[in-house]
Every structure is written in structure tokens, then in C-alpha cells.
Amino acid sequence: MAEQLLEVRNLKVSFRTEDGVVRAVDGVSFTVSEGETLGIVGESGSGKSVTMMSVMRLIIDPNATFEGEVIYKGRDLMSVNQAELRQVRGSEIAMIFQDPMTSLNPVYRVGWQISEQIRAHEHVSKHGARARAIELLQAVGIPHPAERVDDFPHQFSGGMRQRVMIAMALSCSPSLLIADEPTTALDVTIQAQILELIRKLKDEFGSAVVLITHDMGVVADVADRVAVMYAGRIVEMGSKHDVFYDAEHPYTWGLLGSIARIDRPKPRRLTAIRGLPPSLINLPSGCAFGPRCPQRFEMCDQVPELAPRAAFDHTDACHLDPTIKRSRRDLTIHPELVEGTNEQSA
Amino acid sequence: MAIALTESAEPPAQVPEDLLLEVSGRSPWALAGRRLWRNRIAMAALGLFLLIIALSLAAPLYAHDVAKVNPFANNLSGTTVIDGHRVPLMQQGGGVLKLGETPIGPTWHLTNYFLGADQQGRDVMARLLYGGRSSLEIGVGSAVICCVIATVIALIAGYFGGVVDAVLSRLMDVIWAFPVFLLAISISTVLLTEANGLSIGPLHLVATSLWLPTLIIAFIYLPYVYRPIRGHVLSVSEKEFVQAGIAQGASDLRLIFSDILPNVVSVVIVLLPLMIATTILTESALSFLSIGVQPPNASWGTIISDGSDLLYTRPWVAIAPGIMIVLTVLSLNVLGDGVRDALDPRAKLRVEAG
Amino acid sequence: MLIFIVRRTLWTVLVLFTISVLVFVIFFKTPGVDPARQIAGRNPSPKVMAEIRHQFGLDRPFPVQYGLMMKKIFITHDLVSYSNQGTKVIPEIGAAAPATLSLVFGAAIIWVVMAILMGVAAAVLRGTVLDPILMIIALIGISMPVFWLGEVVNLVTQSRLHHTFLFSWVPPLGYTPFTQSPVLWFKGLIFPWITLSILYIGFYARVLRANLLEIQNEDYIRTARAKGLTERRVLFRHTLRNSMITFVSLFGLDFGVLVGGGALLTEVVFAIHGVGFLTYQSLTNLDLPVIMATVIYGAFFIVLANTLVDIAYAGLDPRVRPA
């Protein structure tokens, strides 16, 4: 049984704005074990980025308030002092971001930026750090690393830049790598390469990975476990197999149903989730997905707890009785396979 | 001095943009107006500026009805009553050898040479208010003219592009290359030394007309307003809604006025208070050097110049107009900041402290 | 890189040429203005007027006049000031330059240091009461006409409080060359330095603060923090370093303007006989040759400063370097 690396307990993050308090993260709890890959899926505004940035306390906004605990290797990162936090950042937990163009400092050479991270955490000479940087660039697949180590970020293409970021993030062999939509800003052909790279390196370095994305395809590729977020809360969490083949929450059904499949016999209209995501200032009472949920019934006026209903490690936040879920799910995700139905979305 | 066109608005909080899904039904102008209204400091600054304008416009009222003086006529042998005694305006015992004359100092009575008299025996307070009129007329006038002309040129250059843009931009570059203050000095010197003023065909401007400094100052700042507006026009022109308009067959004029201009106006509105502040300072400097406002007109700059000879004996003559300039320019700068913050589209992400 | 320098040099020459033509046009060709009379100064005799017309070729074609003018200024250096008993202009400017350079360099050092201190302090102390206080001070700084501020400073240091220990050491207004007496040179320049720099401290502190705050929201600063760097290192090596791009370019432009005679108001008020003062004198005397020469000299320095700023910009921001 792998060690538990990170445990997030009831994390809440709110921002005061001109129009009211935005509840970006509204009570999120999950764990990450050594070496495992957790995929966090959700649309824009679901709070997935804010969650992981709060884990590293990278949100330095005076209007933000935080609640809850983030236990990493026994310490609550929410309450450690700045020196301990700095020690964790970059060497224990590393993060790569969505847009590699803006995430690298444009005025310093990439070798220098990688060396800076190494020398911030380890007693290495400039020469030694530079040599390590070249090795890392090679490991992430950048050709002619010994020359390119002295190039500036703008001299790399988008995919190459993301590789540089990955190299930098892994430079101190972190136990946990957080990847915030690492492929969203890249071409589709490059996406596959980057995901492959992450998969290969996490095995080499032995890191756990938290991969944030809005793309179910990316999650299907790389993750071991999946958490689905909606309106600041986790609505479903389980192994990849469980979430994809045994989804328990209507929102997940909607996400899965909206994927075009080439292996199905009949062409059909994609299932769309009607309505708009809720305002995070005025969250609906009860289940946050309620107003858009085709399965909504009276119990949905109460906030559903995230609890294991189907299996012990597959949790969901839906009041629906598990026994009637199966037929409803099939109707939503692949109506064309259900006997005797017309071309209607559920 | 480099114009503050690179200053950016108060940056937003770190709330990721996609979290703000609130859709309020008001137009961006109404939102900006509401934000500006709620900015108490900016409103106070606006109030101060309007007060100064009101005082300056009241100059004739003050001169005729309150102080009962003619601020433009020499009054070397005049007298006035202080504490019941009739005293001459020019006192004996001025200068290094104590053989010259010194005007009276401030009496601190509003009706009676409040700030004292200057070397010509004129009421400084009344001249201060009249000077304010000139300074504000020139300041506001030149800023407005400059912004309007620069916007028109920028719209044409940015929209039509190509040769038109190249020619206009090069023209602006030539003006820009010339050090702004030296340009003002050069033109002013040449135009103002001719006693007959400027005559171009049917147009005739006398040297004492306030139009000369106004036009000169408007001219020298054209490139400073032109550049940012043109940049904005270019970026707006490339946006899809303009392309859509072209696809619909809208005429050039229509596109410029109904699609591009409204989006560019916000840049101009932010620039305007800052430009007025700049033009007021420029005018005062030119007038101080005697190549701005010409006698018999007065402006705050000319009064400071008058007062520099009296600096050690009657300092108020030089200090008072300076204070007026500081207050006016300060209020404009604060207002300009407030307007810029109000029009910042990312302003939704900010909150008042506390 | 070489091509870059060559191209910039050619561009500089072109701009200077344009400016010189513009100056020429303004002073010689403005409709309704007679340049001969302007050059001759006050109450010219017909003989002087005729000599001027001949010397400057006023009855010859436009390009010839321009050529003659430029020759006088740049080659033969025999541009003569008629109002000032025939003093040669170019050497006069040369003699006045050290005063201007002393004034501007000293003020620049003060303003850069103070602006960085204030700007960084305001950005770091954001949220406390010190931030708005610093910014209000900066705002007042840019709202004061520099010549008026100079007068007020003089009032205090030369007159009202001159007898106190605070200011009794302040020498009378004027410039003492460094070679003559370093101590007096320094004492006589302190208050001009302070006066001139207040305006620029205010402006640059505000620009720097706004720039710092904007950069702090950039993604690469977030990355720097995520790397585990100390806040101080993030502030200086990343945030401030990137804000220097804008700061230095603006500084270069302003510095160039000042060296080119833009400090004339300060020079006039403090009686420092620099190039700006010369410009002013020539204005009051309507000494056209001197005005033209100082304007062209000023323009030259500004264009030079622009070019140096472009080179410095490329040094600071690798993205604009030619590949």
C-alpha cells in the first residue's frame, strides 16, 4: 500500500470582490498517494486551479481567505512558516503551468532559470547546476541541450518551452508534480508528446502527479484516479475505470456524453448539459448542479455529501439511488445503445 | 519630461478570470461611471478642479464688485486704506540700497489687496483670478484641441493603414523627434516676436491673442496623444466585430464612427485630465519665460515671473500663483487616476480595502 | 548586432537632418517673419542688415541658405551672435556645457536612487498606509512647476532661513566650476539638484510602482515563487529586473532631454550658466543664431539619447535583440 503523500481536508477558498464573495473552492477533500497520478477534471470556473495553487499557497491576494488543511508528509502547509514553505516549494512539490510562454521569465536564459531552482534548494556550484540543467534538458527531449541551455525562452517553440518547464520542475526530484492544464495552450499533436513525457518522467523520478485539465481525453490517457469538480466542489472521485465506466454523478454523465465516439455504430447528437455554470457569488442552495440536472428531485434541495455509495473508494455527491442510476446513466451517455429510445437527450 | 502614458492601472486581484461568471445588465460606461462616482478621492479632486474654474470665471466679479480694482492698469501712485490709514501702494525703502519702492504686502482682507500689490501697483489677488482664466483656457483648450485632432489623425491612419498610415506616422515622428520644450520655445519665439502677430492669408492672430499659445501647445503634444490612440485603433480594427462590419458592407465612415471610435474613446478620456495637467504646466513655463501669454494678459506663469523680482521682499506675489497651479494640476492628476481606474475592464476584480 | 548599430546610426543621422531642416524652416521660413531682422537683434543698422543678408545668403535659394547655416554651425563654427557683440556661438555652448552636465548628472543620480526606493517601498508596503502616503508625495512632486519650486527653495535657503545654521552654508546663486573649487561646486549644486529631481522622483516612483504591481501578477513571477525562491529574490531578481526595461527606457529619454538643455528652467532660477540658461538668455535678447544653435545642440543630444536607449533596451530585453 503506497504512502499517502498529500491530504487536502475541507479546503475552502473565497475572494472578496466588488460584487460579493466568490466561493471559488467550497469544501474540497482528497488524497494523493506516492507515485499515483490524480486527474482533476472540470470546466472553467470549477475551482480546480485555485485548489492546487492554494496547496502551494501561491495565491497572494489580500482579498482571499483560506480554510481547511493541506497535510503534506505530516505537516499542514496552511500553517507552516515562510521558510518551511519555501523549502517545500520547488523541491518537494513542483508545479508547471498552463501557458509556457508567460510562465518563464523572458529576460533570463533557460539554463540560468533551471540552475536558480537547483541552487535555491541544494548546495551546488554554478558549474554543477548548469551541468544538471543540461542533463535535464536532454531528459525532456530537447535536442542539442548543451547549446540550447543558453537560449532565452522566446527562442523556443511552445512545446519546447513546456518541456523546459517540466525540466525545471523536476530539477530537484519532487515527490509531487502538479501540472495545471499543461497541454491546453499547445497544439494537439504536441499535447500527446507532452503527456507521454510526463508519464515517462513520473516513473523515472518516482513522483506523484496531480494533473488538472478540462479535457476528459487527457485524463483517460494519463490518470490513475480521477476527481470531477463542479462549482468549487468535488462531485465524483474514484479510479479511472470507475469514473469512466461506472460514473455515478449526472455531471460526469454529461461530460462523458458530450464526447464524440468513433466506435459507436450510429451517429447521434452529442449530449449537451443545458444551462450555464452557476455564479460563485450566489451559489444555489442545495446541490450546486441541481438547476442544470435532468435527474433533479426533491432531495436535491439538500447539499449532497461526497460519500462512497457505489464502492468504498468511489465517492460521489448525488442523492440518486444507486439502483436506478444505471439506466439513467446509459440514457445520458450513450442513448443510441439503449433499446427502443428515440434520438433524445435524457 | 516623458508623458506618463506608460502608467498602468491598479492591477487586479489574482482571481482567475474564468471565475467571474456574473453577468450584470449594465453598459460598461454605466459601470465605469458608477465606479468613478464611488471613488471619493477622485470626486473630491473633481470638485476642487471645478471650484478653481468657478473662482477663475468669477474674476471680473471679484475685480469689479469685491475688490473694486482694475487689475490691468498700472497704479503706481495709487493708495488704499489699511486699518483706517490711507497708505500709498508703493512704499518707500525697497531694494538693496533702500532707495527704491516696495509694493504693499498682503492685507488678508478680501476686499482690499488681499495678497498685496505687485511692482505696478496692481492687485495681486484680482490678477491671480484673471490669470487663472488664461491658464485654464489655454490649458483646457489646448488639451481638447490636441486630443481631438490627434484622435482624428489616429483614426484615419490606423484604419486605412498603408501609405496613409506611413505618411501620417512619419509626420508625427518628426514632431516627436523635436524636443518638446525646445519646439515650443522655437515656435513661440518666432511667432511672438513679430509685433503684428501671425498672418497666414486671411487668418490673423495678434501676438496677444491667447490662441497662439493654445495652438502651439496643442501642436507640440500631438504625437504624445496620437501614438497610443493609433495603437488602440490598430488593435480594435483587427477585432472580429469590425471584420464583420466590413463583411456586411458598411461604409468606411460608418465603421470608423460607430465601431472603432467608441472603443477608442475610453483611451482618450483617460488621457484628457493628464493632458490638461501637462498643458497647464507647459503654459506656465512658457509664460514664465515670457514667451507664453503676453502682456497685458496675465496667467499664473506671468505672475510668477513678475513676482521673482519681488521674491525676497514680497514673496506672496510669486508663491500664490504656484500654489494655484499645484492645486489644479494635483486635482487633475488624482482625477485622471480615478478615471483610469474606473474604466479599467479588470476593475471588477478589485475591492476596496476593508 | 553590427547591422543593428549601423542601421540605428543611419536613422540617427536622418532624424538630425530632419530636425535641422525643421529648425531652419521655423526660424527662416515662417510666413510673415523676416529672419534678417531677427538675427540682427535690436535696432539694426542698414549696414548690419545687408551684411547679414549676404552672410546667410538670404537672397539665395532655400537649399543654399540651409547649407550655409549648417556650415556655420557644424564646420566653420563661426556662427556669430549679433546681439552679443559678435561672440562666437559654438564655443559659447561648449563653455556652458559643463554646468549643465554637472546639474543633470547629479540630479539624475538622486532621482534614480530615490525613485527606486520609493517605488519599491510603495509596492512592497501595498495595503499599509505608507503606500498611499508615498504616492501622494510623488503626486505632489509632479504637480509642482519646477521653476516655482526653485523660487520657493531660494526664498527659504537664500533669504528667510539663510541666517540659520540650516542654510547659512548655501552659497549665493550661481555655478562654480569643479576645477575652481570642488566644495563650492558641490554646495552650489545641492539645491538645484534636489529641485530638479523632485519632479522626476515623483514621476518615476509612480511609474515604477505601477509597473512592479503589474509584473507581480505575471505568470513568471508565480513560477518564481513556485520554485521556492525567497520573496526578496523574487522581488529584486525577477520583478524589479523586468521593470527596469521600462524604467531605463523612460530614463534615457528624459536624461537626454535634460542634457540637451531641457533643464533651462532650473538653470534660470538658480542662475546656473549652462546651455539651458544660454537658450533662455538668447530668448530674451531675441538672439536668433544662439537660439538655433542651442536648439540643434539639444536635438542632437536627444536623438543620441534615443539611440542609446534603444541599445540599452536590447540589452535589457532579449526579446528585441536581432536574432
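**Helix packing and backbone exercises**

In α7(C), the residues C:Val146, C:Leu149, C:Gly150, C:Val153 and C:Thr157 meet C:Phe191, C:Thr195, C:Leu196, C:Ile198 and C:Leu199 of α8(C). Contact here requires C-beta atoms, placed from the backbone, to lie within 7 Å. Helices (H or I, at least four residues) and strands (E, at least two) are DSSP runs, numbered from the N terminus.

The model is predicted: local features need pLDDT of at least 70, side-chain atom pairs count only at pLDDT 80 or more, and totals for chains, interfaces and linings use all residues. Residues are numbered from 1 along each chain as its sequence is written, while chains are lettered from A and ligands numbered from 1 in the order in which they are written.

**Exercise 1.** Describe how α7(C) and α8(C) pack.

*Step 1.* Two packed helices are described by the angle between their axes and the distance between the axes.
*Step 2.* Helix α7 (residues 146–160) and helix α8 (residues 182–216) of chain C pack at about 145°, with axes 10 Å apart. Axes are lines fitted to C-alpha atoms, for helices over the stretch in contact, and angles run from 0 to 180 degrees between N-to-C directions.
*Step 3.* Sorted by class, this contact of α7(C) with α8(C) has seven nonpolar, three polar and no charged residues. Nonpolar covers Ala, Val, Leu, Ile, Met, Phe, Trp, Tyr, Cys and Pro; charged covers Asp, Glu, Lys and Arg; the others, Gly among them, are polar.

**Exercise 2.** Classify the packing of α4(B) and α8(B) by angle.

*Step 1.* Helix α4 (residues 124–160) and helix α8 (residues 222–237) of chain B pack at about 40°, with axes 8 Å apart.
*Step 2.* Under 35 degrees is roughly parallel, over 145 roughly antiparallel, 65 to 115 roughly perpendicular, and the rest oblique.
*Step 3.* α4(B) and α8(B) are therefore oblique to each other.
*Step 4.* Their contact includes B:Ile153 of α4(B) and B:Tyr226 of α8(B). By class, it has 15 nonpolar, three polar and one charged residues.

**Exercise 3.** Where is the kink in α10(B)?

*Step 1.* The kink, about 55°, is at B:Leu261, shortly before the proline B:Pro262. The bend at a residue is the angle between axes fitted to the seven residues ending there and the seven starting there.

**Exercise 4.** Which peptide bond is cis?

*Step 1.* The bond from B:Pro295 to B:Pro296 is cis, with omega near 10°.
*Step 2.* B:Pro296 lies in the loop between α10 and α11 (300–308) of chain B.

Note on methods:
Two residues are in contact if their C-beta atoms, placed from the backbone, lie within 7 Å.
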